[in-house]
Amino acid sequence: MVSNHAAALEVILRERRKELIFRGLRWYDLKRLNLSAATSTTLSRTVAGQTYSLLPNSNAYVFPIPLDVIERGGLEQNPR
């Protein structure tokens, strides 16, 4: 039995990660959950001795717009 809102949300998110593994939804969940300070997550990975971090609300979460779409529509590229 879950006693409060934060604990209930933690249980739901943990089960969602288990049940929806390999479906490509984790990225969108991170983007959505990082909007709130209570559920924000900083991702860190170490590759060849170099540590990389993805901070909450970073522009690295934004997908780049394809160049042909920018050229046709006169759009501005997303910041990275």
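Reader: Let me start with accessibility: does F22 count as buried or exposed?

Author: At 80% relative accessibility, F22 counts as exposed. The scale is simple: buried is under 20% relative accessible area, exposed is over 50%, and partly exposed lies in between (1.4 Å probe, protein chains only). Before we go on, this is a predicted model, in which local features need pLDDT of at least 70, side-chain atom pairs count only at pLDDT 80 or more, and totals for chains, interfaces and linings use all residues. Residues are numbered from 1 along each chain as its sequence is written, while side-chain values use heavy atoms, with hydrogens and water left out.

Reader: And where does F22 lie?

Author: Look at the loop between α1 and α2, where you will find F22. Helices (H or I, at least four residues) and strands (E, at least two) are DSSP runs, numbered from the N terminus. The backbone of F22 deserves a glance too: its phi is positive, about 65 degrees, although F22 is not a glycine.

Reader: What is the phi of A48, and where is the place of A48?

Author: A48 is not a glycine, yet A48 has a positive phi of about 55 degrees. Its place is in the loop between β1 (43-47) and β2. With a relative accessible area of 83%, A48 is exposed.

Reader: On to charges. How many salt bridges does the count come to?

Author: Side chains of opposite charge can pair when their charged atoms come close. Here the rule is a side-chain nitrogen of Lys or Arg within 4 Å of a carboxyl oxygen of Asp or Glu. By this rule the count comes to five salt bridges.

Reader: Take R14 and E10: where do they lie, and how many residues apart?

Author: Both R14 and E10 sit in helix α1, four residues apart, or about one turn of the helix. Their side chains meet in a salt bridge at 3.6 Å, N to O. R14 is partly exposed, its relative accessible area being 41%.

Reader: Which helix holds E15 and K18?

Author: Helix α1 holds both, with E15 and K18 three residues apart, about one turn of the helix. Their side chains meet in a salt bridge of 3.2 Å, N to O. E15 is partly exposed, since its relative accessible area is 32%.

Reader: What does R16 form with D29, and how far apart are the closest N and O atoms?

Author: R16 forms a salt bridge with D29, and the closest N and O atoms are 2.7 Å apart. This pair links distant parts of the chain, with R16 in helix α1 and D29 in helix α2, 13 residues apart. The two partners fall into separate classes: R16 counts as partly exposed at 29% relative accessibility, whereas D29 counts as buried at 8%.

Reader: Now the rings. How many aromatic pairs does a search of the whole structure find?

Author: A pair of aromatic rings is described by the distance of the centres and the angle of the planes. Rings of Phe, Tyr and Trp (its six-membered ring) pair if their centres lie within 6.5 Å; planes under 30 degrees apart count as stacked, over 60 as edge-to-face and the rest as tilted. Searching the whole structure gives three aromatic pairs. One of them joins W27 and Y61, a tilted pair with 4.9 Å from centre to centre and 45 degrees between the planes. That pair links distant parts of the chain: W27 belongs to helix α2 (residues 26-33) and Y61 to the loop between β2 and α3, 34 residues apart.

Reader: Is Y61 buried or exposed?

Author: Y61 counts as buried, at 3% relative accessibility. W27, by contrast, is partly exposed, with a relative accessible area of 27%. W27 also forms an aromatic pair with F63, again tilted, at 6.2 Å centre to centre and 35 degrees between the planes. Because W27 lies in helix α2 and F63 in the loop between β2 and α3, this pair ties together parts that are 36 residues apart in sequence.

Reader: Which residues do ring pairs link into a cluster?

Author: Select W27, Y28, Y61 and F63, for ring pairs link these residues into a cluster.
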